[in-house]
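Work through the exercises below with the coordinates open. Try each task before reading its solution.

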Amino acid sequence: MFPKSALISLTFLAAVVCGQQVGTNTAETHPKMSWQKCTKSGGCTTQSAGAVVLDANWRWVHTTTGYTNCYTGNTWDATLCPDGATCAKNCALDGADYSGTYGITTSGNALTLKFVTTSANKNIGSRVYLMASDTQYQMFKLLNQEFTFDVDVSNLPCGLNGALYFSEMDADGGLSKYTTNKAGAKYGTGYCDSQCPRDIKFIAGEANSAGWTPASNDANAGTGNYGACCNEMDVWEANSVAAAYTPHPCTVSGLSRCSGTACGTNSRYDTVCDPDGCDFNSYRMGDTSFYGKGLTVDTSQKFTVVTQFLTNNNSSSGTLSEIRRLYVQNGKVIQNSKVNIPGMSAYDSITTDFCSAQKTAFGDTDSFGNKGGLANMSKAAANGMVLVMSVWDDHAVNMLWLDSSYPTDADASKPGIKRGTCATTSGAPADVESASANASVTYSNIRFGDIGSTYTGSSTGGGGGGGTTTTTSSAPSATQVKYGQCGGQGWTGPTVCASGSRCVVLNPYYSQCQ
């Protein structure tokens with residue numbers, strides 16, 4: 001996620017906001033969503049207890065003794081919330097009507113998030129987490145593992161973002177760590193990310209009411225003195241025009257509450273986290289014919305996204321060394337696009353070398369390296385992270401950082417500026433909330449497990465709708481480094497391993513130097 005204030009744009013229901021006590025007006029029933037755990041030897045096993053929970057920031061919060069709002073529009077009730085601790089005692093967080101109020105529905109292993117839902121009030125966007133039980137988030141330890149899901153972004157136009165990512169949140173939503181938090185994961189508490197968002201209304205068991213400033217461009221949001229920082233791994237930020245995957249490391253583990261300038265109020269780089277990340281957006285990296293409607297990955301129809309978290313010793317005890325991307329569509333495995341940027345090798349995955357070369361080629365601040373790069377991202381991946389799924393629009397910069405030319409005052413011919421084909425005038429929330437009210441995203445068929453165990457496909461090739469295979473140049477060199485890819489169906493890179501290692505077949509589509 002790029003602009004630090006972007007999460008403000010996840011517009012909230014006028015009378016809906018998060019709190020720390022538990023209300024009883026509406027029963028909280030988590031929509032079921034099954035997923036699968038996979039191994040190379042045993043195949044995939046369905047986890048039928050899976051479910052999703054709505055983030056606390058969307059919920060109605062009222063007095064513990066009645067139904068008076070603790071927060072209305074974009075303003076706290078000064079009597080109920082004179083300070084953060086008192087507010088947490090006075091305010092109760094209630095259950096959610098998932099489909100009727102928020103446009104959130106599940107069916108088997110599929111989750112659909114509707115962008116705008118109008119009932120008694122108007123709700124825009126949503127954010128949910130995968131649950132392991134009624135009171136615990138499902139934790140994913142990513143090292144030497146593969147995460148796969150199907151997605152349909154055909155109904156997501158310019159300016160919208162269907163995001164699936166991991167956040168280093170507490171498994172119980174902070175219930176045991178903060179005694180003033182009585183709601184916990186059952187009610188979607190404890191959110192944090194690499195932007196250190198200050199629009200989170202309760203952080204670390206207290207209200208974020210001190211210094212709260214209503215947003216000038218959003219009647220339902222604002223920012224407080226505090227922010228919620230933590231490691232974030234963006235597996236998928238996308239619409240039908242552009243897509244990116246991006247690790248965002250931090251120098252701390254778990255939720256860290258920032259205040260003042262440590263939240264980036266003077267400079268976005270003053271926080272403990274990397275706000276920019278090291279992104280791989282195929283269009284931005286020089287392949288403009290790879291992703292989109294009718295292209296190699298054809299976004300007019302559903303496809304599968306595979307993300308592999310490879311380590312330096314090919315085990316979960318190692319350090320994250322590469323984040324590799326594959327796609328599957330219409331039964332065909334599609335290798336990721338290759339970099340086609342002057343001064344850069346033809347990388348096709350996220351590695352330390354790729355990130356360093358990208359920052360240099362684009363002239364970007366290397367916040368990724370400064371905040372520990374893949375080494376710090378590795379620590380979070382080993383600790384375990386919570387799966388987040390959302391749909392949102394962007395009140396900060398109209399999602400131009402994802403799907404258009406950004407910054408808008410920069411020369412669009414400069415490498416790294418163009419990220420997609422959307423116009424620089426697109427994405428304004430007022431426009432997309434009106435013209436694209438019926439937009440939606442569907443995530444389905446989540447699988448997690450051993451490298452090579454979560455997907456199948458007959459051969460590498462283009463997606464449907466007339467897409468063609470990528471024709472960009474081959475991998476950087478004729479000799480692959482240890483733990484790099486050295487083979488697999490459709491692989492056009494080096495097949496000879498560096499001295500001291502050999503090419504080992506892990507599955508028909510992926511071989512690795514070990």
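**Exercise 1. Nonpolar cores**

Find which residues touch the most other members of the largest nonpolar core, and which strand gives the most to this core.

Solution. 
- The model is predicted.
- The largest nonpolar core holds 98 residues.
- Phe147, Phe149, Trp236, Phe354, Met389 and Tyr443 touch the most other members.
- Strand 31, residues 385-393, gives the most to this core: 7 residues.
- Another core lies apart from it and has 16 residues, including Tyr71, Cys87, Ala88 and Leu93.
- As background, nonpolar side chains in soluble globular proteins tend to be buried together.

**Exercise 2. Aromatic pairs**

Classify the ring pairs Tyr129 and Tyr137, and Phe140 and Phe448.

Solution. 
- Two quantities describe a pair of aromatic rings: the distance of the centres and the angle of the planes.
- The count comes to 26 aromatic pairs.
- For Tyr129 and Tyr137, the centres are 5.2 Å apart and the planes make 65°.
- Edge-to-face needs an angle over 60 degrees, so Tyr129 and Tyr137 are edge-to-face.
- Tyr129 is buried, at 0% relative accessible area, and Tyr137 is buried at 2%.
- Phe140 and Phe448 are also edge-to-face, with 5.0 Å centre to centre and 90° between the planes.
- Phe140 lies in strand 14 (residues 139-140) and Phe448 in strand 32 (residues 440-450), so the pair ties together parts that are 308 residues apart in sequence.
- Both Phe140 and Phe448 are buried.

**Exercise 3. An aromatic cluster and charges over rings**

List the members of the aromatic cluster that contains Phe140. Then state which ring Arg257 lies over and which ring Arg325 lies over.

Solution. 
- One cluster is formed by Trp35, Phe140, Phe147, Phe149, Phe166, Trp236, Phe290, Tyr291, Phe303, Tyr327, Tyr443 and Phe448.
- Arg257 sits over the face of Tyr226, 3.8 Å from the ring centre.
- Arg325 sits over the face of Tyr245, 4.3 Å from the ring centre.

**Exercise 4. Two helices**

Identify the buried residues of helix 3 and of helix 5. Say what follows each helix.

Solution. 
- Helix 3 spans residues 352-362; Phe354, Cys355, Ala357, Gln358, Lys359 and Phe362 are buried there.
- The cover over these buried residues includes strand 30 (349-350) and helix 4 (367-370).
- Phe354 also belongs to the largest nonpolar core.
- Just after helix 3 comes Gly363, with a positive phi of about 70°.
- Helix 5 spans residues 373-383; Gly373, Leu374, Asn376, Met377, Ser378, Ala380 and Ala381 are buried there.
- Gly384 follows helix 5, and its phi is positive, near 110°.

**Exercise 5. A strand pair**

Describe how strand 2 is joined to strand 3.

Solution. 
- Gln36 stands opposite Thr46 in strand 3.
- A hairpin through 3 residues joins strand 2 to strand 3.

**Exercise 6. Confidence**

Decide where the coordinates should not be read in detail.

Solution. 
- Over the protein chain, pLDDT averages 90, and 90% of the residues score at least 70.
- Residues 3-19 stay under 50; the model has 92 contacts for them beyond four places in sequence.
- Residues 461-477 also stay under 50, with 49 such contacts.
- Low pLDDT means that predicted coordinates should not be read in detail.

Definitions and conventions. Residues are numbered from 1 along each chain as its sequence is written. This is a predicted model: local features need pLDDT of at least 70, side-chain atom pairs count only at pLDDT 80 or more; totals for chains, interfaces and linings use all residues. Side-chain values use heavy atoms; hydrogens and water are left out. Rings of Phe, Tyr and Trp (its six-membered ring) pair if their centres lie within 6.5 Å; planes under 30 degrees apart count as stacked, over 60 as edge-to-face and the rest as tilted. Buried means under 20% relative accessible area, exposed over 50%, partly exposed in between (1.4 Å probe, protein chains only). Helices (H or I, at least four residues) and strands (E, at least two) are DSSP runs, numbered from the N terminus. A charge sits over a ring if NZ of Lys or CZ of Arg is within 6 Å of the ring centre and within 35 degrees of the ring normal. A nonpolar core is a set of buried Ala, Val, Leu, Ile, Met, Phe, Trp, Tyr and Cys residues joined through side-chain atoms within 4.5 Å. Contact means heavy atoms within 4.5 Å. Two strands pair if DSSP finds at least two bridges between them. pLDDT is the predictor's confidence in each residue, from 0 to 100.
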